Amino acid sequence: MNKKDLIRDLINSLAHNEPMDKVMMMAQAVSFELYNQKFSDWVRKEQRGYYNSNDKDIPQYRDIPCILRVDIFIPFKGMMKNFTIPSDIIKEPNVRNMVSSVKLPQSLTELEQIYSQNGGKEIKLGVPGSIFPFLDKYLETGSVQRAYRALSTTAPLAIVNTVKAKMLDFFSYMSRETDLDANFRDEKIQEHITDLFNKYIWNE
């Protein structure tokens, strides 16, 4: 199959909301024809996840707002569970950033599985016990015994849909603005593909 047919098939799969494992296999095949390192690296990370990446190297569209919930032990009264601490009252920037949003590093296929298997429940991600003393300062009484970040059940699907939309824009504009039969090793074509990538995929 030639490059033009691969790209058109991929656009069709994106437009018809095909499963992400199929879409990304097609994107991988297309990446071999584009000869563009930025796009190839991005496809590989979305396929495998960002587990070994620094936080700053994980795309902004994977940064998901969350709610901080805690279990508080109150002397002579017992445990108060799932108490919400508003993140905007936390003064320490590092702690506030940690509990107000989280970047999900999972591969796109894993994110689809998390969404389909979660049963409509909110997603819970723990926080390190080292921040409990900082949280205690914002309680009228008691101490934090457990804390977690609660994410919307649709958060993984939102990332998947964002990636699909970005790829659809990228390849649609490429098909419109680039001769798909041209030699993609050409320097000017590579510059144009990189510009399209920066504009429609990595538009942080």
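**Exercise 1. Describe the surface and overall form of the protein chain.**

Start with the surface. The accessible surface of the protein chain is about 11,400 Å², and carbon and sulfur atoms hold 49% of it. Such areas come from the Shrake-Rupley method with a 1.4 Å probe; for residues, only the protein chains shown count as cover.

Know your source. This is a predicted model: local features need pLDDT of at least 70, side-chain atom pairs need pLDDT 80 or more, and totals for chains, interfaces and linings use all residues. Residues are numbered from 1 along each chain as its sequence is written, and side-chain values use heavy atoms, leaving out hydrogens and water.

Next, take the extent. The C-alpha trace spans about 75 × 35 × 25 Å along its principal axes. The radius of gyration is 22 Å, while a compact globule of 204 residues would have one near 17 Å. This radius is taken over C-alpha atoms, and the globule rule is 2.2 Å times the number of residues to the power 0.38.

**Exercise 2. List the secondary structure and its order.**

Count the elements. The protein chain has eight helices and six strands. Both are DSSP runs numbered from the N terminus: helices are H or I with at least four residues, strands are E with at least two.

Now read along the sequence. The pattern is α-α-α-β-β-β-α-β-α-β-α-β-α-α.

**Exercise 3. Find how many salt bridges there are, and examine three of them.**

Recall the idea. Side chains of opposite charge can pair when their charged atoms come close.

Apply the cut-off. A salt bridge is a side-chain nitrogen of Lys or Arg within 4 Å of a carboxyl oxygen of Asp or Glu. The whole structure holds eight salt bridges.

Take D181 and K4. Their closest N and O atoms are 2.9 Å apart. D181 lies in the loop between α7 (155-177) and α8 (187-200), K4 in helix α1 (residues 3-15), and 177 residues separate them.

Classify both residues. Buried means under 20% relative accessible area, exposed over 50%, and partly exposed in between (1.4 Å probe, protein chains only). D181 is exposed because its relative accessibility is 54%. K4, at 22%, is partly exposed.

Move to D71 and R146. This salt bridge is 2.9 Å, N to O. D71 sits in strand β2 (residues 67-74) and R146 in strand β6 (residues 143-151), 75 residues apart. D71 counts as buried because its relative accessibility is 6%. R146, at 38%, is partly exposed.

Finish with K22 and E18. Their side chains meet at 3.7 Å, N to O. K22 is partly exposed at 38%, and E18 is partly exposed at 24%.
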